[in-house]
Every structure is written in C-alpha cells, then in structure tokens.
Amino acid sequence: MRFGHKYAFLLPGLLVLIAILIFPILFTVRLSLSGWNSYNPNLDFVGIKNYIRLFTSDARFWEAFFRLSFFSFTTVFLQYVLGFGLALLVWKDILFKRFFRVLFLIPMMTTPVIMTVIWKTVFHESLGPVNDLLSYVGVSYNWLSDPVVSKFTVIIVEVWQWTPFMFLLLLAGLLSLPKEAFLAASIDGAGPIRKFIYVTFPLMAPISIGAIIIRLIEASKIMDTIYVLTSGGPGTSTETTSFYIFIKGLREFQFGYAAAMSFTYLIIMIISLTVIVNVLVRVFNGRNS
Amino acid sequence: MKQRLRHYIMPLAVTLGAASTASGDQWSDQFPHIANTGDIAGECSYESMSQKDYSGRTLTINTHAVPVMGEPTALHAESFAALTGATVDVIHTPAGDLYSKAMIPFQAGQAPYDIVFGFSNFIRDWLPYLEPVPEYYVNMRQMQDVTQSHIDVNSWDGQMVQFPIDGDRHYLKYRKDVIDNPEMQAKYLADTGNELRVPQTWKEYAEMASYFNGWDWDNDGELEYGSAEVMKKDDLMYAAFFSRSVAYSKNPRTEGGFFFDLETMEPLINNPGFVEALTDWVEATSYVPPGGINFGLGDEINSFGGGQTLFSFSWDDAFVAAMEDTSPIKNQVGVAPLPGADRVWNRDTGAWDDTYNQAPYIVWGWTAAVAKKSKNHEMAFDYLCFFANDANHQADIAIGRFGVNPFKKSDFVPEIYVERQGWDPQIAQEYSETLLDMEEGSTNRVFPLRVPGVFEFTSAVATGTSKALAGQLSPQEALDEVAAEWEAILDRVGRDNVRDAYAIGVALEDNLR
Amino acid sequence: MRSFYTTLKYLAVTLWTIFVIGPFLWALSTSFKDFNSVTSGAKYIPWAQFEPTLDGWRVLTKTSAQGGVDIIEPFFNSLTVTGLASLISIVLGTLAAYALSRYQFKFGFVKNNDITFFFISQRIMPPVVLALPFFILLSNFGLLDSILGLIIVYIVLLMPIAVWIMVDFFNKVPREIDETALVDGCNPFEAFFQVVLPNSIPGLVVAGMFCLIFGWTDFFFSFFLTFTEVQLLPVRIVALNSSITPWWSLSAAALVSVAPLLLVAFIVERFLSKGNLSGALK
C-alpha cells in the first residue's frame with residue numbers, strides 16, 4: 001500500500017529537476033566535444049581533443065585545483081570550528097542571547113559580489129581601515145597584493161561570509177538534541193568537556209557531515225570573492241579552478257574547452273566528496289564507539 | 001603642428017561664436033544638458049531628430065555601468081525618446097562583462113539589444129554580428145570631423161562597423177607642482193645629478209618615480225608615491241604593458257608587425273624589446289603605492305586623481321578626475337606623450353638600434369555598434385549619431401564622470417577646456433597638442449591587436465606579465481611562456497585566420513593606407 | 001574558575017561581534033563620503049574627519065540618466081523571483097526529502113543516499129558554462145528576460161539545498177509519529193501534512209531561509225538571462241561599478257540589499273528561541 005505513495009512524494013521534485021537540467025547537461029557534454037569559441041560558435045565534433053589538452057598540457061588548471069583544495073579545506077574547517085564554537089556560546093545561558101543569534105547570521109545574507117567590493121575597500125592597502133588601524137601598532141600588510149597574504153585575505157572574507165551557515169545549522173542541531181542523553185551523562189558525573197566529547201559531538205555527527213559537505217560544494221565554487229578582490233592575482237597566486245574556468249569560458253570564450261574543464265571538475269568533485277563523506281562518517285563515529 | 005592646430009581652431013572659433021548666440025534656443029530650454037552651446041546644426045542635431053517619428057517603437061541598448069559612458073547613454077536616450085517618440089530601454093553592465101553579455105546572445109543567434117557598447121578591440125569577434133555603418137553616416141559632415149585614427153579603430157578593412165562616440169588613448173600624466181617646481185628641480189639635481197623634467201624615457205620615469213616614492217612631497221599629511229598603474233591581472237592590464245612596450249619594440253625601420261611577424265606569424269612578444277619593458281615594469285612595483293600591483297583602473301583613478309602619485313599613464317580618466325572642480329590638485333597636473341626609450345629593438349638585424357624612439361599607442365576604447373539582427377537599424381544609427389552630435393559631444397566632454405573624451409578634430413582646441421572647465425590655459429594647450437599629435441602627428445603608431453579570439457591572446461599576456469610582477473617568473477621566462485601560449489592559440493584558431501585579420505592593423509601601422 | 005570561563009565566553013562573543021559588524025560600520029561610514037574623502041586616507045567619523053554627504057544614497061533613487069541606479073523596481077523583482085522560487089523549491093524539496101527519509105528506493109544500484117546526493121550534486125557544476133545552454137533553453141521557450149524563466153532556473157539552484165537540509169531534519173523526527181497517525185487511519189499524505197509537517201516547521205524555516213539567501217544573492221544567472229524587462233537587485237547594483245568604483249554608493253547599496261533578509265533572520269531566530277526545534281521531537 002505504501003508502494004505507490006513513495007513515488008508520489010519523490011517524483012515531483014526529482015522530475016522537475018531532471019526536466020530543467022537535462023538539456024543544459026547534455027548540451028554541456030556535447031559542448032565539451034566541440035571547438036566552440038569566439039570565432040567558431042558551432043557544435044562541430046573534435047572528439048576528446050579538449051580533454052587531451054586538459055590532461056596533457058594545462059598545468060595551470062591543476063595548479064588551480066590544488067589551490068582550490070587548499071582554500072576549500074581551510075575555509076570549511078575554520079567555518080566549522082568557529083561556527084560550532086559560536087553555536088555553543090549562544091546555545092545556553094548568555095546575556096543578549098537572541099541578539100547575538102541574529103547578529104551572527106547577518107554576514108551570509110549579503111550578496112557576495114557586492115559585499116566583496118566593500119571588503120576590498122576594507123583591505124585597501126593605503127586607503128582602507130585595516131592598515132590604518134594596524135599602523136597604530138606599527139605594522140601593515142599588503143593584503144591584496146602579496147602572494148601569501150592575499151590567500152589569507154580571501155580566507156578571512158570567506159570565513160566572515162559563510163561561518164553563519166555552519167553556525168545556523170549547528171545551532172539548530174544543538175537546540176534539537178534530546179535532553180535525556182545529557183541527563184544520563186550528568187548522573188554519571190561527567191564534566192562539560194567529557195559531556196561534549198561523549199554526548200554532544202557524536203549526536204551532532206549527522207548534521208555536521210551534512211553541513212560540511214554542502215559547504216565544501218559551495219566553497220569550491222568560490223568565484224566572486226576572488227574576482228573582485230584579486231582577479232586571481234598577484235600572478236596566479238589566488239587563482240582557483242572555478243575562476244580559471246570563468247576566464248576560459250566567459251572571458252576568452254573557449255566554451256568547448258571550458259565545458260571539458262567543468263565536466264572534469266564535476267567528476268573529480270563527485271569522487272572526492274564520496275571519499276570525504278566516508279572519511280567523515282568514520283571520524284565522527286569513531287569517537288562514538 | 002602649430003599650423004594644423006590653428007587650422008582647426010578657425011572653424012571652431014566660428015562654432016563657439018555661433019554657439020554663444022545660439023544658447024538659450026528652444027532646444028537648450030527643453031534639454032538643459034546643452035545649455036552651453038544650444039543646438040548645433042548637423043545631420044543628427046536636436047532639430048533634425050525632432051523631425052523623425054519613431055513613436056511606438058522600442059530601442060534597446062546595452063551600455064556600461066553609470067556614470068562612465070552609462071550616464072551619457074541614458075541621458076541621450078531620454079532626449080532621443082522625447083524628440084522622436086521612441087521608447088528607449090537602457091541597461092548597464094560592468095566593463096569586464098560587456099563582451100560576454102553581448103556575445104552569448106550573438107552566438108545563440110539572438111539580438112536582444114539593438115545597440116551594444118563595448119571596446120573597439122572587440123571588433124573582429126563581433127564583426128559577424130554587426131551591421132556596418134551605412135554610407136550616409138560615414139559620409140556625413142559630422143563624421144568628417146572625426147580624426148582618422150578613430151575612423152580607423154572603428155573600421156574593419158576600410159568598412160566602418162562601429163560608430164565613433166568616444167576617443168581613447170594612453171598618455172602620460174604628471175604632477176606639475178613637482179616636475180615644474182624650481183625648488184624640487186634644484187633638490188632633485190642636487191641629490192641625483194639629473195635634471196627634473198617631463199620624463200622623455202621610461203628610465204627617467206623610473207628614476208623620478210623612485211625618488212618621489214614614499215614621502216610627503218606635497219605636505220598634505222599623507223605619504224605620496226611614484227606611479228599609479230593598472231597592474232591587476234584583469235581585462236585592462238595588458239594595455240598598460242603594451243604602452244610600456246611600444247617605445248622599445250615599435251621600430252619604424254622594421255615594418256610588418258608589432259605583435260607578430262606578419263610573414264611567419266611568429267610571436268614577437270618575447271623579443272628583447274618586450275623583455276626590457278617588462279623588466280622596467282617589474283622594477284615599477286617598487287615605486288607604486290602599497291598594494292599597487294593589485295590596482296585596477298578604478299584604483300589608478302583614485303590614486304592619481306586623489307593626489308597620491310607623481311605619475312600615471314593610461315586612459316583619460318585619472319587626468320579628468322584630477323581636473324574636476326572639487327579636486328585638491330586641479331590645475332596641478334600636466335599631460336605629455338608616453339615616454340620613449342634610448343634604444344629600440346630591431347628584429348631584422350637582431351640588435352638594438354641606439355636611437356631615441358617614441359611610439360604612440362592608439363589604445364582601444366569605448367565604441368558602440370548596431371546588431372545585424374536588430375529590427376531597428378535606422379533608429380539605432382540615428383541614436384548613435386545623435387549621441388555624438390556636436391551639441392551633445394561638447395557638453396559631454398565637459399563632464400568628467402561621463403568618460404567621453406576628445407575624438408573630433410574640433411575637440412583639440414584649448415579654449416574649450418579653459419572656458420567651460422576652468423582649466424589652466426597652459427595645461428589645456430598641452431592637453432590639446434599632445435592628444436592631437438598622437439592622433440595625427442606620428443607615423444610610428446601602434447594599433448591595438450584586433451584578431452579573432454583577441455581575448456585568448458591578451459589574457460595570455462595578462463597572465464604572463466602578472467606572474468612576472470608577482471615574482472613568480474623572470475621577465476624572459478614569463479614572456480617565453482606567453483609566446484608559447486600564443487603559438488598554441490595560433491594553432492587552434494588557424495594561423496591564416498589570425499594573419500588575415502592582423503594584416504589589417506599592420507597596414508595602418510605601416511601607413512600603407 | 002567559573003568566572004574565568006564566563007569572561008572568556010564574553011570575550012569571544014565580543015571579538016566575533018566586532019569582526020561581524022566591522023565591515024558594516026565601515027560601509028555605513030563610507031556611504032556618506034565623496035571622492036575626496038575616500039582618496040585622502042582612511043576616515044571614520046563624519047563631521048570630525050570628513051564632511052558627510054548624502055550623494056551615495058541619493059544615487060540609489062535616481063534614474064541612470066541622472067547618474068544613478070534606480071533600485072526600487074529590481075528590489076521587488078528580486079522579492080518576487082526569490083520568494084516564488086523558494087516556495088516552489090521548498091514544497092517540491094520537502095516532499096522528496098520526506099520520501100528519501102521514510103521509504104526505501106532502489107533503482108538498480110541507485111539507493112536513497114545516491115538519490116539524495118544526486119540532488120545536492122546539482123550544485124557542484126560551476127555555473128560558468130551553464131550560462132550558454134540555459135540561455136538557449138530559455139530562448140527556445142521564449143522565457144528569456146522573464147520572471148518565469150528566472151524562477152525555473154532558480155528552482156534548480158534552490159531545490160537541492162531544500163532536499164539536503166530537510167532529509168536531515170526528517171531523519172530526526174521519530175518514525176513513531178507517522179506510524180501512529182497511519183494506525184489512526186490517516187493515509188500517508190494526511191499523515192505527512194497533518195502530523196509530520198507541523199512538527200517540522202523549524203526545519204522548514206531553516207531550509208526556507210537558505211533558499212531565500214541563495215536566491216537573493218545570486219548574481220550570475222540573473223545577469224546573463226535577463227535584459228531589460230526583469231532586472232534583479234544585485235545586477236542593478238553592480239551597474240554602479242563603473243571605471244571609478246563609487247565606494248560610497250556601493251556601500252549604501254550593500255546595506256540596503258541586506259535589509260529584507262534581516263527580517264528573515266529575526267523570524268528564524270524566533271523559531272529557534274521558542275524551542276520549537278526541540279519541541280518537535282517530543
């Protein structure tokens with residue numbers, strides 16, 4: 001009897017998604033096998049030439065991919081730790097609890113492409129406030145133009161923007177934890193740290209994995225932040241895969257090649273995320289047992 | 001030079017005289033924008049446009065963000081609508097996206113915009129989708145006032161496909177209160193043994209910029225620096241690099257190509273001339289403001305226009321910002337041609353020619369064109385013609401934020417800037433002469449690269465030079481990488497396709513017209 | 001010891017608060033500046049350090065012929081598109097998430113987890129290349145530059161998020177709730193709408209908030225798929241970013257564009273604070 005119902009629940013969403021996406025996805029596959037560019041906007045067939053070029057003679061793509069991995073892991077890790085910490089801070093007794101909860105959500109509501117312009121003015125080396133305030137303690141950094149420092153600038157902006165995402169999901173998770181588990185732990189005489197390690201953290205595992213995965217996906221698409229802050233520079237020191245694909249696609253109009261890169265990226269990401277999910281499940285559950 | 005200038009002044013003096021009597025005519029009452037001159041008779045004057053009836057029709061325009069180009073587009077659209085009864089929809093797009101925003105519909109076979117604004121170096125990629133400018137407009141009196149080089153950058157092999165609405169070039173801007181200041185000159189001579197003057201070579205430029213870097217030479221309480229340049233790896237930086245390269249690499253004795261050897265299509269981008277320019281540029285990172293290697297055009301304008309640096313070179317904007325009424329350095333900035341070099345690479349002999357060389361870079365700039373698939377060709381060209389009519393144009397060039405700069409012969413008259421914008425007469429004189437000489441005087445000019453897939457080539461330059469500026473590669477390594485990338489692009493696009501297109505620009509450079 | 005912890009706690013919250021509001025305060029100050037106040041070094045306090053002007057804000061109500069960008073119409077376009085697309089995504093996504101949480105599916109080797117991952121994997125693809133096929137798709141249906149066209153595209157962006165979050169939430173709603181309802185004679189739809197859904201409102205609120213945020217802040221698709229009829233807020237605001245970056249009016253615009261979502265934040269916080277989330281599990 002339940003058999004028919006389950007499809008009635010699942011299929012409307014699934015089919016709508018597939019209906020909208022089927023053409024763009026197939027078109028992109030076909031595009032990746034063509035030489036479509038600025039002077040040849042045709043779906044001619046060039047075989048796997050674009051893929052060969054990508055795998056044999058485009059070191060820049062792979063450098064960008066490793067840089068992207070660095071950015072994604074660092075920012076998502078920081079967002080998770082900070083988001084969890086903040087959620088714990090405003091979970092229970094603290095003055096102005098509700099004020100802080102709203103306040104901490106605000107950064108993710110800003111439009112990245114606009115807010116990053118503000119960040120660029122904040123970090124502007126000679127006209128912005130950061131170096132101006134730091135000058136009182138006698139230091140200044142080239143926030144946007146030093147190959148190393150600019151990586152941290154990108155990370156700071158990403159952490160500012162998206163920590164609220166983790167914060168909200170984890171706070172919602174904390175607030176829905178069953179009280180019984182804590183009662184039992186209290187009876188055993190566990191202190192706050194033991195309670196966190198043995199009760200809170202394992203119970204938060206599913207929501208944590210979900211949140212980390214979705215953030216990894218989003219963080220890997222990082223685009224506006226880099227475009228506005230540094231355009232991938234200085235040199236190529238902040239260039240990521242998504243930004244590189246953007247340059248090849250919408251700047252140079254090598255759509256065939258950009259499509260091949262997108263697909264390669266998609267497949268690498270699906271494989272990596274599958275592996276990461278398994279690792280995360282083990283990390284979180286390992287503590288439990 | 002002087003004679004030619006006078007030749008242009010005569011008719012304009014008449015126009016100006018006529019204008020002053022004409023001001024307060026019926027059109028300037030209705031359209032206060034042209035209050036200074038009133039309507040000026042011509043093919044696309046307010047009077048002529050008011051005879052047209054486009055009521056019930058809609059013109060759609062994709063233009064730049066406000067205010068640069070975007071505001072005049074919208075303003076003239078409003079006037080055009082009032083005069084002709086047409087509905088004009090204008091949308092605004094950031095400069096970096098103008099190409100793709102129009103190119104996606106073009107490639108998909110659509111024409112959502114009747115008029116697309118863009119840069120003149122898009123010309124080869126947009127060519128298949130553009131409607132050539134009809135003979136009527138090409139031959140009209142209003143067009144005869146446009147300088148030949150701006151006719152050239154808007155034309156493809158003799159056929160005009162983009163409509164000249166603005167003038168662009170790269171030139172040197174400097175702080176007169178330093179360079180022309182006897183105290184500073186004495187101090188500089190005492191400290192360096194050299195004369196402080198408008199830099200004639202990039203080496204002089206570097207010496208002066210280094211000397212005036214990092215101290216408060218105008219006593220405003222803030223530190224000043226040597227030079228503000230577009231060094232951010234974006235859609236504009238390669239133009240700055242070419243401006244620094246022309247003196248070392250554009251040799252009037254070796255014809256047949258600046259970017260490529262037209263015969264073999266071998267990229268010249270890694271020859272010693274370009275390497276020397278890039279070496280200079282890497283050195284320049286030591287005399288730009290903090291964070292200067294991440295400066296885009298906007299930062300350059302803020303920096304030089306805000307009085308932070310001694311020098312700047314590139315488009316008009318930084319100079320115009322510095323000359324705004326509210327600017328603290330109004331009338332303290334000078335204009336000069338780009339610096340030259342004491343030697344120039346000769347690729348025929350494979351050696352340096354030890355002679356002074358200077359070459360104007362007729363950089364690409366704003367232009368507009370009509371889509372081939374548009375159903376409103378006549379209305380669209382009328383709009384563009386109206387945009388650039390004498391009354392609108394003269395009012396536009398007086399408003400700095402509009403970004404409309406001289407491109408008509410009648411623009412190169414110092415009096416306009418003195419009377420309407422309160423410029424110092426000497427600065428206005430320098431400005432007019434420098435610009436006009438670049439337009440019409442030199443026979444050693446470089447035109448922008450205009451070939452199929454132009455962004456692949458320029459993007460490779462941006463990436464390579466940016467790596468050198470960041471210290472990832474030496475100038476030679478960086479440019480070798482660019483040359484290798486150019487070879488790969490040539491293979492993909494087809495050497496002959498690129499050669500056919502490049503030959504058109506080389507013909508202009510070699511004065512074969 | 002205890003007071004040490006408390007001090008530490010308040011210190012951490014204070015530091016983060018400064019980090020969060022710092023850029024907004026800077027934007028607020030900058031929004032009252034002009035070119036000269038911006039280019040003469042970092043200034044913070046109006047009147048004391050620079051002469052404030054309202055020009056940055058006025059730009060937001062002027063037409064482009066007056067040198068501004070009128071953000072009023074795009075503001076409402078954004079509300080419509082984001083609101084409707086979020087609503088549809090939440091409805092479809094919630095149903096699918098419920099199915100994935102409660103029933104077993106098996107199509108060959110594809111199981112529940114794979115289907116859930118299929119949904120979320122739609123967000124992996126970099127949008128750059130999709131601009132072209134979406135353009136062609138919408139133009140074939142005459143939906144370019146229309147609210148409906150944008151909604152269709154946004155559903156693809158938003159539904160995966162709704163599914164991903166709601167599956168987690170439904171997993172935490174005890175199965176006994178539906179089973180009791182079924183035993184009481186409800187059919188599965190009644191059980192879902194009358195019993196499970198009311199207990200999942202907090203999850204819906206969180207998912208809804210993410211949909212609204214991702215929809216409201218999207219720039220890419222609305223930029224390439226619209227021309228003149230339908231412009232959304234971010235596209236219109238970016239039209240301020242000319243050769244001279246107007247720090248002042250972009251700052252004002254950034255503040256304006258956050259405003260409507262603040263309301264959403266308050267609503268979400270209400271649900272969190274009232275303890276509905278934990279209540280759902282009783």
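This note goes through the chains, a sheet, the domains and the contacts of the structure above.

1. Basis. The model is predicted: local features need pLDDT of at least 70 and side-chain atom pairs count only at pLDDT 80 or more, while totals for chains, interfaces and linings use all residues. Residues are numbered from 1 along each chain as its sequence is written, and chains are lettered from A and ligands numbered from 1 in the order in which they are written.

2. The sheet in chain B. Four strands of chain B form an open sheet in the order β2-β1-β3-β14, with mixed pairing. Its edge strands, each pairing on one side only, are β2 (87–93) and β14 (366–370) of chain B. On average, neighbouring strands are turned by 20° against each other, direction ignored. Strands here are DSSP runs of E with at least two residues, helices are runs of H or I with at least four, and both are numbered from the N terminus. Two strands pair if DSSP finds at least two bridges between them.

3. Pairing within the sheet. β1(B) and β2(B) are parallel, with seven bridges; B:T58 has B:T87 in β2(B) as its bridge partner. Strand β3 (residues 115–119) of chain B pairs with β14(B) in the antiparallel sense over five bridges. There, B:F117 is bridged to B:A368 of β14(B).

4. Cover on the sheet. Helix α5 (residues 98–107) of chain B packs on the sheet and touches β1 (58–64), β2 and β3 of chain B, with its direction at about 135° to that of β3(B). Helix α17 (residues 377–387) of chain B lies across β1, β3 and β14 of chain B, at about 160° to β14(B). Axes are lines fitted to C-alpha atoms, for helices over the stretch in contact, and angles run from 0 to 180 degrees between N-to-C directions. β2(B) is largely enclosed by the rest of the structure, because five of its seven residues are buried. A residue is buried with 20 or more other C-beta atoms within 10 Å of its own, exposed with 12 or fewer and partly exposed in between, C-beta atoms being placed from the backbone.

5. Domains of chain B. Domain 1 covers 2–164 + 364–440 and domain 2 covers 168–362 + 445–513; these bounds come from an automatic or database domain assignment. The contact between them takes 26 residues from domain 1 of chain B and 29 residues from domain 2 of chain B. On the domain 1 side, α20(B) gives the largest share, six residues. That side divides into ten nonpolar, ten polar and six charged residues. Ala, Val, Leu, Ile, Met, Phe, Trp, Tyr, Cys and Pro count as nonpolar, Asp, Glu, Lys and Arg as charged, and the others, Gly among them, as polar.

6. Contacts of chain A. In contact are 73 residues of chain A and 79 residues of chain C, where contact puts the C-beta atoms of two residues, placed from the backbone, within 7 Å. Helix α1 (residues 2–32) of chain A gives the most to the chain A side, with 17 residues. By class, this side has 54 nonpolar, twelve polar and seven charged residues. Towards chain B, 27 residues of chain A are in contact with 27 residues of chain B. The chain A side of that contact has nine nonpolar, 15 polar and three charged residues.

7. Two details. A:I22 lies in helix α1 of chain A and counts as exposed, because it has 11 C-beta neighbours inside 10 Å. In helix α10 (residues 201–216) of chain C, 15 of the 16 residues are buried.
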